[in-house]
Amino acid sequence: MKILLLSCLGFYALTMSTFFPSEENKSVAKADRCYEMRIYYAEPGKLEDLLARFRNHTTKIFEKHGMTNEGYWLPIDNKDNKLVYVLSYPSREARNNSWKSFGSDPEWKKVASESEKNGNLVAKVESFFMKTTDFSPKKITKKGSANRVFELRTYKATSGNLPALLSRFRDHTTKLFEKHGMTNLWYWTYTDKEQGADDMLVYILAHPSQEAGLKSFEKFRDDPQWQKVRKESEDKAGGSLTVSVESLYMVPTDFSPVK
């Protein structure tokens, strides 16, 4: 009887771990997700109409077709009428299936047709496929201060030095960011070679304000610990680890899950 009971308990534990994964397993599953950053350039005078369509319809239809809305942002200096957003999916295959079903959804077709009676809302779309790094936070701080801003930073590594750049972030940079009041959200690398899988790092930080973010980076750059880490990593690599660094400060839309 005791042996039978232990066998039943073992089977129960195995079953429960399969259907109700532990926190550790959930983290592993999340790390395997496919992320997609999409940047929409609205037609002149159409940005508010585009936002209204997302707010009232698109985000809900995305969810209906198995997509996860991660975040939606507008650049603070938005001369190009951009909307930046991130979706995630269980896999690349799931992504393709979701978009196929979304595109053929009668509800979406009706919404698109009605919203574009006076012309297209979107002039151009850019799409980037990404995966989280092993040091990307497992839990995202979805709510912050009322005026919290977000910074999208894009790094291009020097030839062959993406692993060294990732190592520096993993072992030092992310911790120093936190030390100087920055909130680490997502860290990604591209998955497609033609988009920069071999040399690109993309990440999003949160700051209490743009001014606070700029001051935090000043303190970060002046930090003796950072200067030491940077010198050591560049000496080892024989030069700079980056070709370029781009920064874009953004504010969340009112319908963004992360604010």
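1. The lining of the second largest pocket comprises eight nonpolar, three polar and five charged residues. This composition, like everything below, is read from a predicted model, and the pocket in question has a volume of about 260 Å³.

2. Of the 16 residues that line the second largest pocket, those nearest its centre are Y155, R168, W226, R230 and V245. At least two lining residues come from each of β5, α6 (162-179), α7 (210-222), α8 and β8, and among the contributors α6 gives the most, with four residues.

3. The helices α7 and α8, which each supply at least two residues of that lining, also pack against each other, at an angle of about 60 degrees and with their axes 5 Å apart. On the α7 side the residues involved are F220, R221 and D222, and these meet P224, W226 and Q227 of α8; by class, the residues of this contact are three nonpolar, one polar and two charged.

4. Is E234 buried or exposed? E234 has a relative accessibility of 19%, and because the limit for a buried residue is under 20%, E234 counts as buried. E234 has its place in helix α8, which spans residues 224-237, and, leaving aside neighbours within four places in sequence, E234 is in contact with R168, G239, S240 and L241.

5. Turning to the largest pocket, about 310 Å³ of space lies within it, and the lining is made up of 17 residues, with I39, K82, L152, T154 and E246 nearest the centre. The elements giving two or more residues to this lining are the strands β1 (34-42), β3 (82-89), β4 (122-132), β5 (149-157), β7 (200-207) and β8 (242-252), and of these β8 gives the most, with four residues. Sorted by class, the lining of the largest pocket has ten nonpolar, four polar and three charged residues.

6. A last point concerns the strands β5 and β8, which give two or more residues to the lining of the largest pocket and also supply at least two residues each to the lining of the second largest pocket.

Note on methods:
Residues are numbered from 1 along each chain as its sequence is written. This is a predicted model: local features need pLDDT of at least 70, side-chain atom pairs count only at pLDDT 80 or more; totals for chains, interfaces and linings use all residues. Side-chain values use heavy atoms; hydrogens and water are left out. Buried means under 20% relative accessible area, exposed over 50%, partly exposed in between (1.4 Å probe, protein chains only). Contact means heavy atoms within 4.5 Å. On a 1 Å grid over the protein atoms alone, a cavity is a set of points where a 1.4 Å probe fits but cannot get out, and a pocket is an open set with protein on both sides within 12 Å along at least five of seven lines; lining residues have an atom within 4 Å of a point. Grid points are joined across faces, edges and corners, and a volume is the space filled by probe spheres set on the points. Ala, Val, Leu, Ile, Met, Phe, Trp, Tyr, Cys and Pro count as nonpolar, Asp, Glu, Lys and Arg as charged, and the others, Gly among them, as polar. Axes are lines fitted to C-alpha atoms, for helices over the stretch in contact, and angles run from 0 to 180 degrees between N-to-C directions.
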